[in-house]
Amino acid sequence: MLQEGAHGKWTVSSSDESAAEDSDSEKPCTSSVSVAASGTASGPQYPCSEARKAAHKRKASPLKLTDNSLSTETPPAVKQRPSQEGSGWCLSSSDEEPEDEQKHAHRETVKEEKYDAPNEHPLNLCKDDKLSENVKEEEYNEASSQAQDIWDLVNGGNPFRFFLTKVSGIEQSYNSGALHIKDILSPLFGTLISSAQFNYCFDVGWLVRQYPQEFRKKPLLIVHGEKRESKAELMAQARPYENISFCQAKLDIAFGTHHTKMMLLLYEEGLRVVIHTSNLIAEDWHQKTQGMWLSPLYPRLPKGASGSAGESATNFKSDLISYLSAYSSPALKEWINLIQEHDLSETRVYLLGSTPGRYQGNDKEKWGHLRLRKLLKEHALSIPAQESWPLVGQFSSIGSMGADGSKWLCSEFQESLVAAGSSVTTFRKCDVPIHLVYPTVNNVRQSLEGYPAGGSLPYSIQTAQKQLWLHSYFHKWSAEVTGRTHAIPHIKTYMRLSPDFQKIAWFLVTSANLSKAAWGALEKNGSQLMIRSYELGVLFLPSAFGLDKGYFHVGRTKLPEGKDSATYFPVPYDLPPEHYGSKDQPWIWNIPYTDAPDTHGNMWVPS
């Protein structure tokens, strides 16, 4: 895996190891707080990651191919080593696991998803680099004139209630059936009483402006994982808004994050739950591929209904309450009580969450990949010749997988993903084909955002150089089917498909990237599951949609509305995935790309 180009071949000294490889490099960088507080254009106006800060810097100060200011210096923590024929990236001798790396905690620098000022702009839509947020909002308002169509869409023939977000700069027909955050918060969906926003990264001022004027002073609870300086900055953002309160998720295990993305929306007419993949910042709703599950409108139960009333066949109500209870927060107890008062029986998806902790006994199967294993064993049909049904995983960040596949990916993680029915067969050494979809350098370079899109793909050279074996599983991002090939994915999806890629045994949309921190890792000879982060997703199983054959069909095109619509699942990208070519490299955020310009004529030098 040779990273060729103007930057040559890269290695990392052992003294500069990333502190949190296991947590897919999603650690807070509080160094941006002073920048944010100063109000300069050199950084976003809220706490962010090194990767997103680099993207913001390059957007604010683009480096053209002929730019004399183009830096050729080696980025921090990276040094160049003379070419060694056939060696690819040179590996350092250090191969620390997160537990060993805690002594380097002061070096944690990359938090996967925070960056971008609230006034970032659609460069491909306007020649004026100073395009203001007001213009962007006008563009949105024009697009939202089909509000009634959106209402019909959400309440009509979409049995899965799975949607993509709108993307600026693609053919408008591909935004038909997609939703912007303003659509979700529209009065058409309900008369808002109060809401709770669970997320990883917040631009509070931007978030408030996404609510309709008449709802902007309604009580809003922000559930976050910020600490210390980052927490202070978040609080400072919210100071102008008396209606905003906070719930800080406890993160007691090193390198964990509050990565869940969920909205709880209480209306006069009922309750709605939205589980999605977007940060609450402008850029995540602009030119990225993102996904969401939007619940039906849940009506209030009659007074005096029993505690178990309003449950779905998928146990969604009690699972959601169990997830919220894991926060042990008085602020969320109010929402738990509200959920108990509503009828969630129409829900057809299964909830799949992760919460930080070390779990044993029955608790081991409540969260993470063991929760997925349990659901598949109990509710998925066993598949004939199932070892030939490949797995597809698609994500925007990658943690440390270990020295080879046997350490986690092709052992405990794969075992969970191939579970089906009461089958106890296990497949070792990656007997089941695994297709991992992660953008190439060219995917990023040719994207709508250009190289700065890579700020939300924080795979670091420090992690990549230790697991070159993993890259043989990588497949390109391509989404011609949804017009989103050039909208870099921040969505995360996992599924099991037939060998011809025409049938789907199950489909999961989630906040969880490919990391042990998100999914959990077995400890103590398999008797304990350790999870570092909060994550949340929903699982689509054919049995919950009245299908007895054990699979959905892959829905590649729009289908006429009718009784068969539930048999075709709308996978948001092209199948089968295309394997990396010989010259393709995975996007790595913290090395420069100066050989070829991006779609805006710019280079990428992160330092």
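**Exercise 1. The cores**

How many residues has the largest nonpolar core, and which residues have the most contacts inside it?

Solution. This is a predicted model, where local features need pLDDT of at least 70, side-chain atom pairs count only at pLDDT 80 or more, and totals for chains, interfaces and linings use all residues. Residues are numbered from 1 along each chain as its sequence is written, and side-chain values use heavy atoms, with hydrogens and water left out.

Step 1: A nonpolar core is a set of buried Ala, Val, Leu, Ile, Met, Phe, Trp, Tyr and Cys residues joined through side-chain atoms within 4.5 Å. Buried means under 20% relative accessible area (1.4 Å probe, protein chains only).

Step 2: read off the core. It has 60 residues, and M262, F316 and F540 have the most contacts inside it.

Step 3: look for another. A second, separate core holds 57 residues, including L375, Y438, A518 and Y593.

**Exercise 2. Strand β21**

Solution. Step 1: strands are DSSP E runs of at least two residues, and helices are H or I runs of at least four, numbered from the N terminus.

Step 1: find the partners. Two strands pair if DSSP finds at least two bridges between them. β11 (residues 350-354) pairs with β21 in the antiparallel sense over 5 bridges, and S354 has E535 as its bridge partner. β18 (residues 503-510) is joined to β21 by 4 bridges, also antiparallel, with F507 opposite F540.

**Exercise 3. Helix α11**

Step 1: axes are lines fitted to C-alpha atoms, for helices over the stretch in contact, with angles from 0 to 180 degrees between N-to-C directions. The axes of α11 and α12 (residues 409-417) come within 7 Å and cross at roughly 35°.

Step 2: contact means heavy atoms within 4.5 Å. H369, L370, L372, R373 and L376 of α11 meet E412, F413, E415, S416 and L417 of α12.

How values were computed:
Buried < 20%, exposed > 50% of the residue type's maximum accessible area, 1.4 Å probe, protein only.
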